[in-house]
Amino acid sequence: MTQQDAVSDSVGVKRSIFIIDDEESIRKVLFTHLSKEGFGVIQSSGGHGVFDALKNSSFEVLICDIKMPEIEGTEVLAFAKQNFEAVPVIMLTGLTDVAVAVDVMKRGAFDYLMKPVKKDDMLNAIRRALIHRDLLLRNKQLEKENREYQLYLEEKVRERTKELDAKTAALQDAYLILKSMNMQFANVLAEIIEAKDRYTRGHCNRMRALSVALGRAAGLLPAELDALEYASLLHDLGKIGVSEVILNKEGALSEEESKRMKEHSEIGEKILLGIPMMEEVAMITGAHHENYDGSGYPRGLHGNAIPFSSRIIAVADLYDAMCSDRPYRKGLTPDEAVKEMKRVAGAQLDPEIVDLFIKQRIYERASARE
Ligand SMILES: [Fe+2]
């Protein structure tokens, strides 16, 4: 610390020392030394008025005698520690008061000086006290700034989180709207297919109910269930590319007509492959006429090589077809249809899925019939 720093603060304001001593001669000596060094000096002889004097003054270091007739120096020290936290207190003591000096240090005094006070000792103690005070205040300022910055950051994080939450909610809403729109389009497509094929009225919606119930019972994940739902609605989408004459023919199909009819699996798959995010649905649709024993079409896939959801759709498709009335035959009862499904389990259908379908009475729970 330079001489200048010692007597004035960073903005050049004179630094003040408050001296309390009942001996006028000591106060006079201290006053003279300190004034010469450029300090502002306030002095008091102690007594009961000293607390008010301290409260009404502005000072940076307090020098206080320990032994005074009216008020003990330790009382002043306690008062200063309580009211002027950043003001260092230097106690003055007689040679015989060493134990008392140790005691005041324990009580929080910054330093103590032996009487008679040497000028250099006093100035050194005051300089150290001022450095200590400046560091203390600087630390407090930094702590305050840190706290403020922390609060500022926390506020920013709160604001940002709120913004992100709002954006996430808006995106979620938009996603749900898009999802619902997609499903509505899929329904429209399903209705178009049904309008073309008079034998399949209501078939797509029943298929959806049966397939999703089966998928849930089989423990499919939400994304898998979504794909299954679309595929069950759109499994016959490829019939768009098959002549209505063939679709609505009452008698048996010729070999050529049967070939055309079988093409609907691949036509549907190709249409769906052209739609973003529909690859899974396309794959399931393309394999919905594959048989478990490998005798199906279009690829002759076998067992687990057939997508699981395609095997589910095959079960629901056969059940619904058997239970539906045709112009040339009456639909089977559920019990009759179940009996037939048991018969073809392991050949046309996946036996485990048939088992699940029957044991959990999926056909009843899904309220599949119109
Ligand atoms: Fe089909």
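**View 1. Domain division of the predicted chain.** The protein chain splits into domain 1 (3-142) and domain 2 (197-365), with bounds taken from an automatic or database domain assignment. The C-alpha centres of domain 1 and domain 2 are 97 Å apart. Residue numbers start from 1 along each chain as its sequence is written. The model is predicted: local features need pLDDT of at least 70, side-chain atom pairs count only at pLDDT 80 or more, and totals for chains, interfaces and linings use all residues.

**View 2. The largest nonpolar core.** This core has 39 residues; a nonpolar core is a set of buried Ala, Val, Leu, Ile, Met, Phe, Trp, Tyr and Cys residues joined through C-beta atoms within 7 Å. Buried residues have 20 or more other C-beta atoms within 10 Å of their own, exposed ones 12 or fewer, and partly exposed ones fall in between, with C-beta atoms placed from the backbone. Those with the most contacts inside the core are Leu210, Leu214, Ala231, Leu234, Val281, Val315 and Ala316. At least two core residues each come from α6 (119-196), α7 (203-217), α8 (222-234), α12 (279-286), α13 (308-323), α15 (351-359) and α16 (362-365). Helices (H or I, at least four residues) and strands (E, at least two) are DSSP runs numbered from the N terminus. α7 gives the largest share, seven residues.

**View 3. Surroundings of Val315.** Apart from neighbours within four places in sequence, Val315 is in contact with Leu214, Leu349, Ile353, Val354 and Phe357 (contact: C-beta atoms, placed from the backbone, within 7 Å).

**View 4. The second core.** A separate core of 28 residues includes Leu30, Phe39, Leu54 and Ile63.

**View 5. Packing of α7 against α8.** The axes of α7 and α8 are 8 Å apart, at an angle of about 155 degrees; axes are lines fitted to C-alpha atoms, for helices over the stretch in contact, and angles run from 0 to 180 degrees between N-to-C directions. The two helices α7 and α8 are therefore roughly antiparallel (angle over 145 degrees). Cys204, Met207, Arg208, Ser211, Val212, Gly215 and Arg216 in α7 meet Glu224, Leu225, Leu228, Glu229, Ser232 and Leu233 in α8.

**View 6. Two cis peptide bonds.** The bond from Lys115 to Pro116 is cis, with omega near -5 degrees, and Pro116 is in the loop between β5 (111-114) and α6. The bond from Tyr297 to Pro298 is also cis, with omega near 5 degrees; Pro298 is in the loop between α12 and α13.

Conventions
Contact = placed C-beta atoms within 7 Å. Parallel < 35°, antiparallel > 145°, perpendicular 65-115°, else oblique.
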